[in-house]
Amino acid sequence: MVDITPADGIPPAEVAEVELYHPHSWWTKYVFSQDAKVIAVQYSATATAIGLVALVLSWLMRLQLGFPGTFDFITPEAYYQFITMHGMIMVIYLLTALFLGGFGNYLIPLMVGARDMVFPYVNMLSYWIYLLAVLVLVSSFFAPGGPTGAGWTLYPPQAIMSGTPGGQDWGIILMLSSLILFIIGFTMGGLNYVVTVLQGRTRGMTMMRLPLTVWGIFTATVMALLAFPALFVASVMMLLDRVLGTSFFMPAISEMGEQLQHNGGSPILFQHLFWFFGHPEVYIVALPAFGIVSDLISTHARKNIFGYRMMVWAIVGIGALSFVVWAHHMYVSGMHPYFGFFFATTTLIIAIPTAIKVYNWVLTLWRGDIHLTIPMLFALAFIVTFVNGGLTGLFLGNVVVDVPLSDTMFVVAHFHMVMGVAPILVVFGAIYHWYPKVTGRMLHETLGRFHFWVTFLGAYLIFFPMHYLGLMGVPRRYAELTDMTIMTESAHHLNSFISVMAFIVGFAQMVFLFNLIWSIRHGREAGGNPWRATTLEWQTPQTPPAHGNFGKDLPIVYRWAYDYSVPGAKEDFIPQNMPGSFGPSREPA
Amino acid sequence: MAVALVLVLIVVGSVLFHLLSPWWWTPIASNWAYIDNTIIITFWITGVVFAAVVLFMAYCVFRFRHREGNRAAYEPENKRLESWLTIVTAVGVTALLVPGLFVWSRFVTVPRDATEVEVIGQQWQWSFRLPGRDGKLGTSDTRDVGADNPLGVIPSDPNGQDDVVVAAADLHLPVGKPVKMLLRSIDVLHDFYVPEFRAKMDMIPGSVTYFWFTPTRTGTFQVLCAELCGQGHPMMHGVVMVDTQEDYVAWLGQQQTFAQLSAPQKTGSADETTGQTAAAGPEIAARLETVGSR
């Protein structure tokens with residue numbers, strides 16, 4: 001409860017501004033660009049393109065699962081290649097790249113009031129290495145033997161053995177190489193995001209005045225920098241096992257009556273390394289979504305985010321805790337059973353800060369002035385799907401409940417709901433929200449609403465019933481759900497229904513893509529601040545923001561990011577760079 | 001208005017689906033009704049939270065939707081409310097965790113009188129080994145696996161000679177007796193999973209993992225592999241028959257021991273009498289090849 005006067009807490013600039021790199025040709029402006037905004041669009045476009053591949057793969061899988069035996073070209077081999085590539089693309093090459101490389105690059109400099117990332121050249125390299133990683137990944141579709149079919153978790157020994165597609169061909173080698181490249185590229189970008197948030201903030205922008213979007217992306221990036229090295233070493237070790245015949249993960253194995261030349265390695269070591277990366281990865285995808293959705297809800301409900309400090313500490317707390325829960329993916333892996341006590345406890349503790357975030361979102365709606373814009377609709381849909389998927393996490397995190405449910409369709413339904421559907425709904429909401437800033441035009445409203453309703457309700461109808469197939473005992477990663485005594489006739493019908501819904505939801509994404517492209521030229525002019533939002537990216541002199549973002553002078557920040565509907569103020573929002581006091585500010589100090 | 005209504009319908013629809021849909025777990029056939037009970041507790045607590053949060057949202061969307069002249073309240077924090085919500089959540093989480101950990105401690109504590117049964121997974125079939133008269137399983141090593149020793153029993157270990165070997169055939173278990181399933185693989189990861197028993201555990205080449213249970217009713221149950229093990233994974237089915245004590249003893253009497261199987265002049269096969277229903281690995285591999293060449 002402090003009064004702020006206009007000049008309060010604004011330190012003088014400590015160092016002179018560094019001159020930006022200025023492009024001098026079309027190539028350096030749009031292709032080999034060092035401007036974070038262009039890099040953001042490049043990241044987003046590449047991630048969307050590869051995401052479309054993953055979408056088509058999911059259709060092919062659902063064709064096989066929903067209508068077994070109808071489509072001859074989907075052999076078990078092909079099916080496993082589809083699920084593997086679908087999972088890996090969605091988690092790493094789409095969601096991670098889009099949230100951090102796409103939204104991170106676009107929003108961090110603009111939201112903290114910087115002209116660009118701190119290391120623009122490295123930032124550019126980051127994108128080009130990411131593109132290379134994607135190309136290597138795609139090349140495995142054309143390699144002899146096709147892509148790997150080891151499942152996105154790539155568990156050895158099967159990942160590098162002949163019973164698995166691509167195990168003894170090029171598939172697994174290209175997959176591991178692509179991951180290694182991705183991590184190198186990501187590290188370059190990630191260091192940039194962290195340093196820019198810590199060192200590149202404009203005057204007056206304290207850490208506790210950062211929009212939650214920046215907090216989410218920042219924390220996720222720190223986590224990624226700590227978690228990805230585990231995947232990096234695991235990939236290198238498996239590559240050595242596969243190419244040079246070492247035995248990091250390979251014990252003595254008798255394959256189809258033949259003794260392999262490995263001995264003494266530990267398959268479960270890989271699982272620990274993988275999930276030490278893999279669990280934080282869930283939150284690397286979730287935290288940016290948490291941050292972005294907080295800002296969407298606040299802006300479109302015209303109300304400050306409820307409990308800002310709690311929200312920040314919840315983000316940091318979830319980030320820290322997520323490093324000590326990894327083995328809840330391994331309750332039935334055969335690790336020592338006593339680990340179950342520890343990891344079940346830490347896993348359920350993480351539910352508390354997560355629940356606080358949910359409460360604060362809905363309490364932000366309470367006594368708000370809710371504009372049901374498309375970004376707000378997606379934010380509401382996010383809360384529904386995230387709460388649903390989060391709660392089923394309490395089943396799987398509670399070690400003994402996980403025993404019957406692990407490796408079944410329940411798990412598939414859970415993680416799709418919580419880290420597939422929920423974050424992607426936020427991605428959509430964020431695109432409808434920031435598209436006007438990026439292009440200067442609004443997305444088409446009617447197409448947007450159609451896209452929203454089909455995607456939200458369709459995705460819920462896909463994944464909610466799927467939990468019950470898992471409860472019945474239907475295992476995941478089965479290329480054909482036939483000859484199973486537990487599966488009733490009606491369960492097969494349910495499966496076909498899920499497949500049909502998957503095609504419909506996929507189709508709605510085509511409408512979205514059309515909207516994205518069509519609106520660049522034909523959308524309604526947006527103006528600089530169509531949502532009447534407070535954060536700095538909406539206060540730029542030009543829309544889309546020009547090179548250097550803020551014109552001659554950088555903005556000075558006088559208040560937190562959530563001064564909506566401040567009593568006494570004329571407008572229902574006060575931009576962060578607006579000096580002046582409007583009655584007692586209640587910005588949390 | 002429409003949005004609030006849809007949110008209410010999602011809650012009502014989800015609850016009705018849960019209560020009325022025909023898709024539910026299989027009738028249990030083991031002592032792990034505890035696990036089912038823990039799942040029921042979890043359904044209740046999470047169901048109430050889901051309904052409360054979404055219905056509250058629906059109310060907010062209806063009550064505080066934008067109308068001309070509306071203005072939102074300005075309330076950055078409310079420490080009391082935030083603390084209360086944290087405490088209530090912590091209590092709910094504890095209510096889930098405590099029964100969960102209690103049942104887990106039973107799950108990992110194998111009773112003394114449990115009989116050991118070894119399950120061996122390989123691409124893509126199940127084999128089993130039971131201790132012989134001495135009540136002990138002989139040690140094993142993947143490097144000893146060969147045509148006449150499919151399970152890799154170490155030939156020099158005297159404890160292994162009388163072990164009953166059930167290669168690529170059905171397992172029988174007596175009803176009402178606790179069993180400790182020792183799980184082993186000779187190639188990749190597998191997972192021994194019988195939905196009706198509620199329990200499962202991965203099998204790791206180079207290690208022996210375990211779980212225990214007591215079969216509580218007789219019948220024939222399908223074994224599914226629950227850990228991706230290559231192309232044949234979905235076809236890696238097996239059969240466990242839970243017998244009465246008499247039927248079990250009769251079945252056991254027809255099985256061959258390791259010593260009998262590895263004797264050089266062996267004739268005939270145990271398969272004719274046991275009625276092999278589990279698809280054998282090489283068969284599946286052949287089937288995959290025909291599929292692949294289509």
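Start with chain B and color its two domains: domain 1 covers 2-64 + 79-108, and domain 2 covers 115-264 + 273-293. Keep in mind that you're looking at a predicted model. Where they meet, nine residues of domain 1 of chain B are in contact with 13 residues of domain 2 of chain B. On the domain 1 side of that contact, you'll count five nonpolar, three polar and one charged residues.

Next, bring chain A into view. How many residues does each chain put into the contact? Chain B gives 87 and chain A gives 100. On the chain B side, elements giving two or more residues include helix H1 (2-20), helix H2 (33-63), strand S9 (219-225) and helix H7 (281-293). Now select helix H3 (79-108) of chain B: H3(B) gives the most to this side, with 14 residues. By class, the side of chain B that touches chain A has 51 nonpolar, 23 polar and 13 charged residues.

For the last stop, select residues 120-139 and 171-199 of chain A, which are helices H4 and H5. Their axes lie 8 Å apart, at an angle of about 165 degrees, so H4(A) is roughly antiparallel to H5(A). The crossing of H4(A) past H5(A) is left-handed. Show side chains at the contact: among them are A:Leu125, A:Ile129 and A:Tyr130 from H4(A), and A:Leu181, A:Phe182 and A:Met188 from H5(A). This contact has 14 nonpolar, eight polar and no charged residues.

Technical notes: Residues numbered from 1 in each chain as written. Chains lettered and ligands numbered in written order. Predicted model: local features only at pLDDT ≥ 70, side-chain atom pairs only at ≥ 80, totals over all residues. Domains from an automatic or database assignment. Contact = placed C-beta atoms within 7 Å. Nonpolar A, V, L, I, M, F, W, Y, C, P; charged D, E, K, R; others polar. Helix = DSSP H or I, 4+ residues; strand = E, 2+ residues; numbered from the N terminus. Axes fitted to C-alpha atoms, helices over the stretch in contact; angles between N-to-C directions. Parallel < 35°, antiparallel > 145°, perpendicular 65-115°, else oblique. Left-handed = near helix turned anticlockwise from the far one by under 90°.
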